[in-house]
Amino acid sequence: MKTAKYTIKEFNEQFPDDNICLEFIFKARYPQGVFCPVCQKVTKYYRRTGRKAYACEFCGNHIFPTAGTIFHKSPTPLRSWFYAMFLMSSTRCGISAKQLERELGVTYKTAWRMFKQIRSLMNESTKPMKGHIEVDETYIGGRHSGSTGRGAEGKTPVVGLAHRDEGQVLTSVVKDVKARTIMPIIWNNVPRGTDNTIHTDEFPTYTYVKKLGYSHGIVQHGKGVYAEGINHVNTVEGFWSLVKRGINGVYHAVSPKYLQTYLNEYGFRYNHRKSATPMFSLMMERMLALAVPKVVRL
Ligand SMILES: [Zn+2]
């Protein structure tokens, strides 16, 4: 199945202005209407002109639909936020803060902050991986872009797990690629047992895989072998090349401090690439799911 398309035309039709964006959040957060905490019953809430608020028809109590969301207290128009999310969801390689600055006419700092907030929505937990799991480590960043390999100077080590059958990836920025660092990541995400096969290359760290009770398939990259039947790490390597192309081409450089959030962004898009729901809607769902419910004081 191909990714469900959500075009710029559809976006413009669905979200023509700030009011409609606010209405969208209001309806999504109060699908059954508002139970007014003051009136102690479900009442009608009307939009307050000029404010990002709705007020109770009886008591005038205000609610702010953006409270607890990434949009709250931002002076940037809601539609600009939505548009930034649309842009981020509609590309495979990502878009840079510089591009957003140009598209929205906001400052670079604002664009950068918006992306940082939107990326925070893309930190998804994955379910336990069963079956054939590829594990591989790589190095990202540093000044010498293009040169890869173990122990690369100035680069940040990253470990990736790819669930081959479901095409899901999980990445972790790590301090090193020793067994004591990588094994707990495998252990915490793959249920122990010989039904589950960990596929790796011949890197010595992975000799512990068998000791942990998994089946272990090894592909001998050192001997120039890239697949031996089912033994390969091509899925996870495909993901690495997508990330590296994106980071080198779009972002140019990513500091180690923020690398995980970029990996989450790529992982989110990758994991939902075949989703029947458009990526933009999935991001909106995450935004709503992560919104902190407004504390109701009685
Ligand atoms: Zn009321």
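These are my notebook entries on one predicted model, from the whole chain down to single residues.

**Entry 1: ground rules.** I number residues from 1 along each chain as its sequence is written, and side-chain values use heavy atoms, with hydrogens and water left out. The model is predicted, so local features need pLDDT of at least 70 and side-chain atom pairs count only at pLDDT 80 or more, while totals for chains, interfaces and linings use all residues.

**Entry 2: the chain.** I looked up the overall extent first. The C-alpha atoms fill a box of roughly 75 × 40 × 35 Å, taken along the principal axes. The secondary structure comes to 10 helices and 10 strands; helices (H or I, at least four residues) and strands (E, at least two) are DSSP runs, numbered from the N terminus. Of the 298 residues, 48% count as buried. Buried means under 20% relative accessible area, exposed over 50%, and partly exposed in between, with a 1.4 Å probe and protein chains only. I also checked contacts, meaning heavy atoms within 4.5 Å. Among contacts with a separation of 6 or more, 57% are between residues 24 or more positions apart.

**Entry 3: the zinc site.** Which residues are the protein donors of the zinc ion? I find Cys36, Cys39, Cys56 and Cys59, each through SG, lying 2.3 Å from the ion. Donors are N, O and S atoms within 2.8 Å of the metal (3.2 Å for Na, K and Ca); water is not among the atoms, so sites may look incomplete. The spacing of the donor residues in sequence is C-x2-C-x16-C-x2-C. The arrangement is tetrahedral because the 4 donor atoms subtend angles of 103 to 115° around the zinc ion; the rule for four donors is that all angles lie between 85 and 135 degrees. Cys36 counts as buried because its relative accessibility is 0%, whereas Cys39, at 24%, counts as partly exposed.

I then counted disulfides, taken as pairs of cysteine sulfur atoms within 2.5 Å. The count comes to 0.

Entry 4: I traced an open sheet of 3 strands in the order β3-β4-β5, with antiparallel pairing. Its edge strands are β3 (45-47) and β5 (62-63), each pairing on one side only. Two strands pair if DSSP finds at least two bridges between them. Between β3 and β4 (residues 54-56) there are 3 bridges.

**Entry 5: two positive phi values.** Gln40 is not a glycine, yet its phi is positive, about 60°. I place Gln40 in the loop between β1 (34-36) and β2 (41-43). Because its relative accessibility is 48%, Gln40 counts as partly exposed. Lys73 also has a positive phi, near 65°, and lies in the loop between β5 and α3 (78-89). Lys73 is exposed, with a relative accessible area of 75%.

**Entry 6: helix α8.** How many residues does α8 have? I count 18, at positions 234-251. From first C-alpha to last, α8 reaches 25 Å, close to the expected 26 Å, where the expected span is 1.5 Å times one less than the number of residues. Its buried residues include Phe239, Trp240, Leu242, Ile247 and Tyr251. What do the buried residues of α8 pack against? The partners are α4 (97-104), α5 (108-119), β6 (132-140), β7 (156-163), β8 (168-173) and α9 (256-271). After α8 comes His252, with a positive phi near 70°.

Key: Four donors count as tetrahedral if all angles lie between 85 and 135 degrees; four count as square planar and six as octahedral if opposite donors are over 155 degrees apart and all others between 65 and 115; anything else is irregular.
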